[in-house]
Amino acid sequence: MKKSVVLPFAALLYALLSATPTRADYPDRPLRMIVPFGAGGGVDALARPLARELSQILGQSVIVENKPSTNGQIGMAEVARAAPDGYTVVMSSAAYAITPAFYQDLPYDIRKDYAPVTILASNPLVLVASTHFKASTVQDMIAMARAKSGSVNFAAPGNSGIHFLAGELMGSVAAVKWTSVPYKGAGPAFPDLISGQVDVMFDNPASSLPFVQSGRLKLIATTGQQRLAAAGNAPTVAETLPGFDAANWFVLAAPAGTPPDRIQKLYDASTRAMRQPALVEFMDRNGIGAILSTPAEAAGYIQAEADKWSGVVRDNRLAVQ
C-alpha cells in the first residue's frame with residue numbers, strides 16, 4: 001500500500017521539476033554597460049554603437065551608463081562590487097591596465113575583481129607635430145633630443161594615461177630626454193601645438209587627423225606594428241625603434257565570479273556585434289582595428305599590458321602630479 005502512494009508522488013514530483021526551468025534564459029532583462037569615462041570620449045564613442053548591436057543580438061536592452069572620474073576609478077569600482085550575474089559589464093580602455101601602475105590604493109584589483117570577456121579592438125596612436133617644428137621624422141626628433149637634451153617639448157594630455165606614457169616609452173627606448181608639458185587633455189593642448197608653443201604630441205587618430213588634413217598639424221608617425229591606412233600609411237615609430245608599441249585598446253569585462261556560460265554568451269554576442277557593417281565602418285573611419293580575443297586571451301593581454309606599463313612607470317620614476 002505504501003509503495004502505491006510513494007511511486008505516483010515521486011512520478012508527479014519528477015514531472016514538475018522537469019517542467020520547471022532551473023534558471024531563466026540569459027539575458028531576461030536589460031544589461032548595464034558601465035563606461036568609466038565621460039560621454040563623447042573615445043570609449044563612449046565605441047560603446048554606444050556596440051551597445052545598440054548587442055541589444056539586437058541579445059534581445060535585451062544594453063544601457064550605457066557613464067561614470068566619469070580620474071582614469072576611471074569610480075566606474076571600475078562599481079563593476080567590481082556588482083553582482084556577478086552577467087547583467088553588469090564595464091567597457092574601458094588601456095587605462096584598465098595602466099591606472100594601477102600609478103595608484104597603489106585603488107578600491108579594486110584588476111587581476112582578482114574582473115572576468116575579462118574580450119579585448120574588442122585596438123587603436124594605434126598618431127604622433128603629430130606643429131608645422132613650425134623642424135623635425136619631420138622620428139629620426140630627426142631623436143637626433144634633435146640627442147644634440148640637446150630636453151630640446152623637444154612633448155605635450156602630455158594627462159600625466160597617467162596612454163598618450164603620456166607613449167612619449168615616456170619612446171624616450172626610454174631611444175635613450176633620450178624630452179621636456180614633458182602637461183595638459184588636462186588633448187583638447188587644451190591643440191592650440192599650443194598648432195601655434196608651436198609645444199612641438200609634438202601622441203593622440204588618437206580621430207581627434208588629430210582632421211588637423212593634419214587641414215594643414216594645421218603635420219603627421220610624423222603612428223604607433224602600431226603596421227602602417228595605418230587611415231593615417232595615409234605614415235611610417236610607424238617601430239620602423240625606427242624596433243619593438244616600440246603603444247596603442248589604446250578597448251576591453252569588455254564582467255565582475256569576477258560571473259558564470260562561464262554567461263561570459264561565453266557575452267563574448268559570442270560581442271564578436272557578432274563588432275562585425276556588423278555599422279561598427280566596421282566606424283572603426284575603419286577612426287583607425288580602430290578589431291581584436292576580439294577570447295576571454296583567456298584577453299586575460300593574458302591585460303596582464304602583459306599591466307606588466308609593460310608598470311615597468312615604464314617604475315623605470316622612469318613617474319608619478320601622478
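Which residues line the second largest cavity? They are Leu 31, Met 33, Leu 54, Val 62, Val 89, Leu 252 and Leu 266. By class, this lining has seven nonpolar, no polar and no charged residues.

A word on the basis: this is a predicted model, in which local features need pLDDT of at least 70, side-chain atom pairs count only at pLDDT 80 or more, and totals for chains, interfaces and linings use all residues. Residues are numbered from 1 along each chain as its sequence is written, and side-chain values use heavy atoms, with hydrogens and water left out.

The count comes to two cavities of 30 Å³ or more. A cavity here is a set of points, on a 1 Å grid over the protein atoms alone, where a 1.4 Å probe fits but cannot get out; lining residues have an atom within 4 Å of a point. A volume is the space filled by probe spheres set on the points.

| Cavity | Volume | Lining by class |
|---|---|---|
| Largest | about 50 Å³ | five nonpolar, three polar, one charged |

Now to the largest cavity: its lining consists of Phe 154, Ala 155, Ala 156, His 163, Phe 164, Gly 167, Glu 168, Trp 178 and Ser 180. Strand S6 (153–157) and helix H6 (162–174) are the elements that give two or more residues to this lining, and H6 gives the most, with four. Helices (H or I, at least four residues) and strands (E, at least two) are DSSP runs, numbered from the N terminus.

Key:
1 Å grid on protein atoms, 1.4 Å probe; cavity = no way out; pocket = protein on both sides within 12 Å on 5 of 7 lines; lining within 4 Å. Nonpolar A, V, L, I, M, F, W, Y, C, P; charged D, E, K, R; others polar.
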